[in-house]
Amino acid sequence: MNAALRIQDFDDPTFDPFAATEEGYGKDIYDPYSKIAQLAKESSVQPHEYRVLFGQLPDMTTADMQHYSAFGYDLVQEIYSKPEIFSNKIFVRMLGPGFGRTVTTMDAPEHTRYRRLFQAAFMPNVIASWGDSLVQPVVDELVSKFAERGTADLVTEFTSLYPFYIIYRQLGLPVDDRKVFHKLAVALTITSTNVEKAAEAGAKLGAYYEALTELRYAKPGNDLVSLLCKIEVEGDRIPKEILVSFLRQLINAAGDTTFRATSNLLAALLTHPEQLAAVRRDRSLIPQAIEELMRWECIVMTGFRQTTQDTVLGGVHIPAGAAVEAVNGSANRDPSRYTDPDKFDIFRKPGARHMGFAYGPHVCIGQHLARLEMTRALNSLLDRLPNLRLDPDKPPPQIVGYTMRHPEHIHVRFDA
Amino acid sequence: MCLQCGWLYDQEKGDPVGGIPPGTAWEDVPDTWTCPDCGTPKSDFDMVEM
């Protein structure tokens, strides 16, 4: 192995970022939706940070800013639709220390330029081939470990692993160092409570990815890094600094969110056995099951923006330079847009587009891959675990969190 | 396909929420229509083979 291509752990290798992130997501908060509905009813724009409304400590990276939280479908859509007023520059301070200059921190025209280049690698026609070559082998390998057993915890043995293994394979990361990569990637997200550790993780991942991109520029392979190194749109290519920052973000963006979404999809279907049975019988229902899941259990509950000028939102004056949070979870359960919004119903009549992947110029770049991965995962579990059902001797899955949501366990039985 | 986010226009489905009934040919989608995912104008769509 190339000497430069060795990931360095934290200077204090005992540092554990996982505990900090789990606390941050609010693992003791089972039902944030009742409070969200109550807040929305009181006022659609609250002059507070979302996490503070839930009794948590403020984000230290935005402590000097005025904060507003916006509820309801119309306001969330308005925020995402007006990037010239609601800017992504807030992520320079929130994510920048760890991730660097990612597309998440940019506005047009810079964002438009780089987004188109990165998106070219994640277009539906590009990722379609990854289903057989990349996703299915990972899914098969993991399911094979428990398919003969008759019982499993689908979170600890499957959903918390498979999207990460897929992205590790895409990036060609060494198997022996996966735990260090995962730890550093998770630490990038703790800027709100520990900027120093996030910055250290960013520096270490950055050094690795710089060396990796140099290798791929010189000798391209069939991996994602090689693809991103050579992508060209109308004569434009991705500068190395921007590419390295994107790679830093990728494990979280591609792994963490799909882990939660797949966990929630399985929890939703297993606790609604009549809908699970319908999907088992008719796999063409999987796409609408995924869309309903993304509406019903929003993976990322809020999206941050920063006002570029004085503005009025929902009748409330907001000064320039304020932090505004679009509460995606309130949009997705807005009773003015969805009948019986708290009900999980894969047969729901198509209505307003959900905000599960956000909306606007910064809509999730990996949404097509996420759908592909979830489809493959669900199909394989239904194919290989006959009569899949909840384990009646174990607690049912409980989706928790107020900023990001997932169940900690899904105990199941099946006919082995 | 939207070049900015990858959203696919399917003539069979149209975009009912965006005012485009199912069965509407791409040529008949008005130029003022925008991508339902990211808001990109119709002019930034391109044909792709799936």
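Trainee: Which residue in β12(A) stands opposite L390(A)?
Mentor: V412(A) in β12(A) stands opposite L390(A). β9(A) and β12(A), the latter residues 411-413, pair in the antiparallel sense over 2 bridges. Pairing here requires at least two DSSP bridges between the two strands. Strands are DSSP runs of E of at least two residues, helices are runs of H or I of at least four, and both are numbered from the N terminus.

Trainee: What model is this, and how are residues and chains labelled?
Mentor: This is a predicted model: local features need pLDDT of at least 70, side-chain atom pairs count only at pLDDT 80 or more, and totals for chains, interfaces and linings use all residues. Residues are numbered from 1 along each chain as its sequence is written, while chains are lettered from A and ligands numbered from 1 in the order in which they are written.

Trainee: Back to that sheet. What order do its 3 strands take?
Mentor: The order is β4-β12-β9 in chain A, an open sheet with antiparallel pairing. Its edge strands are β4(A) (151-153) and β9(A) (389-390), each pairing on one side only.

Trainee: How many residues of β8(A) are buried?
Mentor: 5 of the 5 residues in β8(A) (323-327) are buried. A residue is buried if 20 or more other C-beta atoms, placed from the backbone, lie within 10 Å of its own; 12 or fewer makes it exposed, and anything in between partly exposed.

Trainee: Which of them point which way?
Mentor: A323(A), E325(A) and V327(A) point one way from β8(A), and V324(A) and A326(A) the other. In a regular strand the side chains alternate between the two faces of the sheet.

Trainee: Which strands does β8(A) pair with?
Mentor: β2(A) (67-70) runs parallel to β8(A) and is joined to it by 4 bridges. In that pairing Y68(A) stands opposite V324(A). β5(A) (302-307) pairs with β8(A) in the antiparallel sense over 5 bridges, and there G303(A) has A326(A) as its bridge partner.

Trainee: V324(A) again. What is it in contact with?
Mentor: Leaving aside neighbours within four places in sequence, V324(A) is in contact with Y68(A), A70(A), I79(A), F86(A), R305(A), T307(A) and I318(A). Contact means that the C-beta atoms, placed from the backbone, lie within 7 Å. V324(A) is also among the residues with the most contacts inside the largest nonpolar core, together with A70(A), V76(A) and L265(A).

Trainee: How many residues does that core have?
Mentor: The core has 120 residues. The largest share, 16 residues, comes from helix α15(A) (240-270). A nonpolar core is a set of buried Ala, Val, Leu, Ile, Met, Phe, Trp, Tyr and Cys residues joined through C-beta atoms within 7 Å.

Trainee: Different topic. How many residues of each chain are in contact across A and B?
Mentor: 17 residues of chain A are in contact with 15 residues of chain B. On the chain A side, α7(A) (110-119) and α8(A) (124-127) are the elements that give two or more residues. The largest share, 3 residues, comes from α7(A).

Trainee: Is D340(A) buried or exposed, and A358(A) buried or exposed?
Mentor: D340(A) counts as exposed because it has 9 C-beta neighbours inside 10 Å. A358(A) has 21 inside 10 Å, so A358(A) counts as buried.

Trainee: And chain B, how many helices and strands?
Mentor: Chain B has 0 helices and 0 strands. Its radius of gyration is 10 Å, close to the 10 Å that the globule rule gives for 50 residues, so chain B is as compact as a globular protein of that length. The radius is taken over C-alpha atoms, and the rule is 2.2 Å times the number of residues to the power 0.38. Buried residues make up 20% of the 50 residues in chain B.

Technical notes. Contact = placed C-beta atoms within 7 Å.
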